[in-house]
Amino acid sequence: MGNIPHHFLGYWGYGVQRELEALLNNVEKLHATTPIKQFSPQENYLHPIWNVGYVGLDGNFPPQQNQIAAISASGLFTSPDAWVSLQENNCLILGREPFGKMPLYWTVQGQVIWFSSQLQLLLTILQQPEVSISGLYGYSCFSYVPTPLTPVNEVFAVPAGTELVCQSNYQLGKLRSPESKNIHSWREVPEQLTDETTAITQLQILLKDSIGRQIADLTDEPVGVFLSGGLDSSVVAALLVQAGVKVRAYTLDFGDIGIPEYPYAEQVAQFLKIPLVKVAVTPSSINNALIPTVQALDLPFGDGVCVPLYLLAQRASQETQVIFNGEGGDQLFAGWTNKPLIAAAVYQSENPAGQETFIQQYFRTFHRLGGYESQVYQPEVYAQIKNLPPEDWLVAALDSSECSSLLHRLRRAGLMLKGAQNIHPRATALGFAHRLWVRSPFCDLPLAEWTFSLSGELCLQGACEKYILKRAVENWLPPEIVWRQKRGMGVPLTSWCLNDFWHQMGVWLNPEILRANNHFYPDIAAQIVEGKLGAAIQDRRIGETLWLLIMWQLWRAHVLNEELSKQSWDHPFWIPRWLWRNYQRWQG
C-alpha cells in the first residue's frame, strides 16, 4: 500500500493550450498539490489536446491500456472504479463501474471537456458556479443528487455502470455532443436457483473469493473494519479473521440516547477475538466535525449518518490505511427496507384500482420532501420544478424488462439508487478525507451477479429477510447476531436538533439567508419544528428533514463558497426551546 488516496482533474478538446494549462495550474495551486502531469503529443494540431493533473498523489500507478486517468476507492488499480481513456479515433471515454464507488464529473467549456473525480476541482474551472434547480429538487426528494445531475449548473455526473463517449470532428475542430453507453446492467438470470444447500455452498465460496481479491495486496499491517453489530459488517469482519488478516474493529457509540447498537458490535468482536474501538458520538463532536464532513463529502448528502461515519473514519485513520465495511449487503440480499414495498405490491395486485403506481410507492420510501413542494419552495423555484416528475429518476432502476420478478426489481433499484448514488460514493469520500482506502466486499461483481439467480424464497423467507446470507454465515457468528431483526442506525437527529442544536438551527437555517438564497421558504425550519409542514414529518422525520436542509445550506456555504447575507433574528431559535414552547401554547 505505497500510495495514498488522490483525485484527478483534466481536459480534452480544442483550445489554446497555454490558457488551458494556466487554468489547470491555478486549480493545483489552490489545492496546494504537486501533480503528476501527462502531456499529449502536439505534433498534429487537428487532434484534441489533453492533460491531466493528479491532486495528492505521491507516487504513480500502472495505467491500463489507453487510460490517461484512473481512480480506485480500494487502492487496487487492477480494476479502477472510474477511468478516462483515449481511443485512436479522436474519442474520449469517461467510465464508471456499476457499484458507484467513485464519482466522475464533467463539464463542457467552449470546445473543451473538463473532467474530474471531485466536484470541487471542477468548480474553479467554471467562471461563476450556480446551483442547479433540478439538482436541488432531486436532493430534496432523495437526500442525494440523482445522476447525471449534480447540484451545479453545467456540471454532470457519469452514472454508475456507464461510459460517456465524447467524439471530435477534427476537420471542423469541434466536439460532438457526448453519448451515454450502458456498460453493465443488473439483470435477472432466467434459470433461478431454488436448492438451498447448493445456494449456501456457492455463496460461501463467493464471499471468500471476494475477500481474497480484496486482501491480495495486504502486508502484515492491521486493517480496520467498521462494525455496527449488524449482519453485513459482522460477516465482513468474520471473513477477514478467517483469512488470517489482522483486524481492528471500530464502532459508534451514541451514548444513552436511543437504542444502542454497540453491544452487538462488542459481542461480535469478542466472538472473533478482535480489538474493538468505540467512537463516542456527542453533539459537541458532531458540531466540530460538521463542516469538515460537508467539505469531505464534496456533494451534499442529507443522511444523518454522514458525520458519525466521518468521526469513525477519522479515528480509524490513526491506526490503519485500509478500512473494510459491510456496505451493499442490504441491496444485494433484499434487506429489511423492501418489506413494505413487497406488501404494497401484493396489495396492489389484489386491488388494482389503487391510486398510486408502483414507482410512486417506491418514491415515497425515501421519506424526504417529495410531495411538499408548494410548502417548501419559494414561488420562482416552485414554478421551475412543479412539472418535473421525480419518479423519472427511478424509471430506469425499476425497469421490469431487466428484472421481471418483484424482488429482483427491488434489488436492482437498491443497487442503482441508494447504493450507487448515495451509500458507496459517500463512504469513499469520507474515507479519502482521512487518507483511507475503502473496501466493500459486497461490491463484488461475481457475487452480485450470482444473487440475481436466487429465487425469491431464498432471499425473503416469511418475515426473515436476507435468509440465504444468514444460512450461509450462521456458523461464522453468534446466532443472536445472525438472526436478530435488522434496524437502521439510530442517529438521534431529532433529539439533537430540538435540544443540543436548537440555537444553532437559527444559524444554519437562518431565515434571512434562506430568503436571499431564494430557494426554500425562509421560515421552513420553524414550520417543521411546529409540525406544520405535514403529518408525515413527525418524530424522527423532524430531525431527518431538518438535517437534509442543514447539509444543503452548509454545502452551499463551504463547498460552493457562496457569500452569505447577514443573519436575521426573525426566528424562534434564539430563545430557549422551553420558552418558545410555552409561547406557542399561550398563542394556541
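This is a predicted model: local features need pLDDT of at least 70, side-chain atom pairs count only at pLDDT 80 or more; totals for chains, interfaces and linings use all residues.
1. Asn561 is placed in the loop between α23 (540–558) and α24 (577–587); helices here are DSSP runs of H or I with at least four residues, strands are runs of E with at least two, and both are numbered from the N terminus. Although Asn561 is not a glycine, its phi is positive, at about 60°. The residue counts as exposed, at 56% relative accessibility, where exposed means over 50% relative accessible area, buried under 20% and partly exposed in between (1.4 Å probe, protein chains only).

2. Residues are numbered from 1 along each chain as its sequence is written, and side-chain values use heavy atoms, with hydrogens and water left out.

3. Lys273 lies in the loop between α6 (262–272) and β15 (276–280). Its phi is near 60°, a positive value in a residue other than glycine. Lys273 is exposed, with a relative accessible area of 75%.

4. The peptide bond from Thr147 to Pro148 is cis, with omega near 10°. Pro148 belongs to the loop between α3 (133–142) and β9 (156–157).

5. A search of the whole structure finds 2 cavities of 30 Å³ or more. A cavity is a set of points, on a 1 Å grid over the protein atoms alone, where a 1.4 Å probe fits but cannot get out; lining residues have an atom within 4 Å of a point. Grid points are joined across faces, edges and corners, and a volume is the space filled by probe spheres set on the points.

6. The largest cavity holds about 100 Å³ of space. By class, the lining has 10 nonpolar, 2 polar and 1 charged residues, with Ala, Val, Leu, Ile, Met, Phe, Trp, Tyr, Cys and Pro counted as nonpolar, Asp, Glu, Lys and Arg as charged, and the others, Gly among them, as polar.

7. The second largest cavity has a volume of about 40 Å³. Its lining residues include Leu207, Val235, Pro441 and Phe442. Helices α4 (196–214) and α5 (231–242) each supply at least two residues of this lining, which has 8 nonpolar, 1 polar and no charged residues.

Definitions and conventions:
On a 1 Å grid over the protein atoms alone, a cavity is a set of points where a 1.4 Å probe fits but cannot get out, and a pocket is an open set with protein on both sides within 12 Å along at least five of seven lines; lining residues have an atom within 4 Å of a point.
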